[in-house]
Amino acid sequence: MMILYLPRQEKKVEDLLRRIEEAIPEETVEIFVDLNGLVRRLRRPRTEVSIVLLDIAGREELMKMISIADLIEELRLVLVLPEDQPDMLEKAHVLHPRFIVATEDDFQRLGGILKNMVERYGRTD
């Protein structure tokens with residue numbers, strides 16, 4: 001199972017979801033659009049969670065994610081960060097992500113990375 005945090009409703013999010021579906025069509029996906037929902041889910045049992053993908057729009061949102069780092073520290077984390085804010089990259093490493101991709105990316109590479117992660121760590125749902 002994958003947990004997605006996708007607070008923005010943009011064309012890029014549609015592209016991202018399409019790439020995930022193409023790369024790992026049988027993977028169960030839970031989508032959260034607000035931080036409170038994500039936190040509630042992360043506080044529930046997470047043994048079946050294989051990957052958490054966080055779409056982070058800006059510094060303020062990154063700081064919120066850092067504040068809940070204890071909830072995601074043992075999970076396989078993928079971050080989507082804005083390319084035009086390079087200082088966020090340094091701060092984002094506090095979360096120990098397995099992979100970071102830029103929002104401006106076409107997500108083709110991300111699909112392959114997610115597929116490899118699911119194959120490597122096994123599907124648990």
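Helices here are DSSP runs of H or I with at least four residues, and strands are runs of E with at least two, numbered from the N terminus. The expected span of a helix is 1.5 Å times one less than its number of residues.

What you're looking at is a predicted model, where local features need pLDDT of at least 70, side-chain atom pairs count only at pLDDT 80 or more, and totals for chains, interfaces and linings use all residues. Residues are numbered from 1 along each chain as its sequence is written, and side-chain values use heavy atoms, leaving out hydrogens and water.

On confidence: pLDDT is the predictor's own score for each residue, from 0 to 100. The chain averages 87, and 97% of the residues score at least 70. Among the elements, α2 has the highest mean pLDDT (95) and α1 the lowest (84).

Now for two helices. With 13 residues, α1 (residues 11-23) reaches 18 Å from its first C-alpha to its last, close to the 18 Å expected. Its buried residues (buried is under 20% relative accessible area, exposed over 50%, partly exposed in between, with a 1.4 Å probe and protein chains only) are V13, D15, L16, R19, I20 and A23. They cover an arc of only 160° around the axis, which puts them on the same side of α1; the arc is that of the directions from the helix axis to the C-beta atoms. In α3 (residues 59-67), E61, L62 and M65 are buried. Their arc is only 100°, so they too share one side of the helix.

|---|---|---|
| α1 | K11, E14 | β1, β2 (29-32), β3, α6 (108-121) |
| α3 | E60, S67 | β1 (2-5), α2 (35-43), β3 (51-55), α4 (69-72), α5 (86-92) |

Strand β1 is buried on both faces: M2 and L4 point one way, I3 and Y5 the other. β1 pairs with β2 in the parallel sense over four bridges (pairing takes at least two DSSP bridges), and I3 stands opposite E30 in β2.

A nonpolar core is a set of buried Ala, Val, Leu, Ile, Met, Phe, Trp, Tyr and Cys residues joined through side-chain atoms within 4.5 Å. The largest has 23 residues, and L38, L42, L54, I56, M65 and L79 have the most contacts inside it. Two or more residues each come from β1, α2, β3, α3, α4, β4 (77-81) and α5. Apart from it lies another core of 18 residues, among them L6, L53, V101 and L110.

Notes. Contact means heavy atoms within 4.5 Å.
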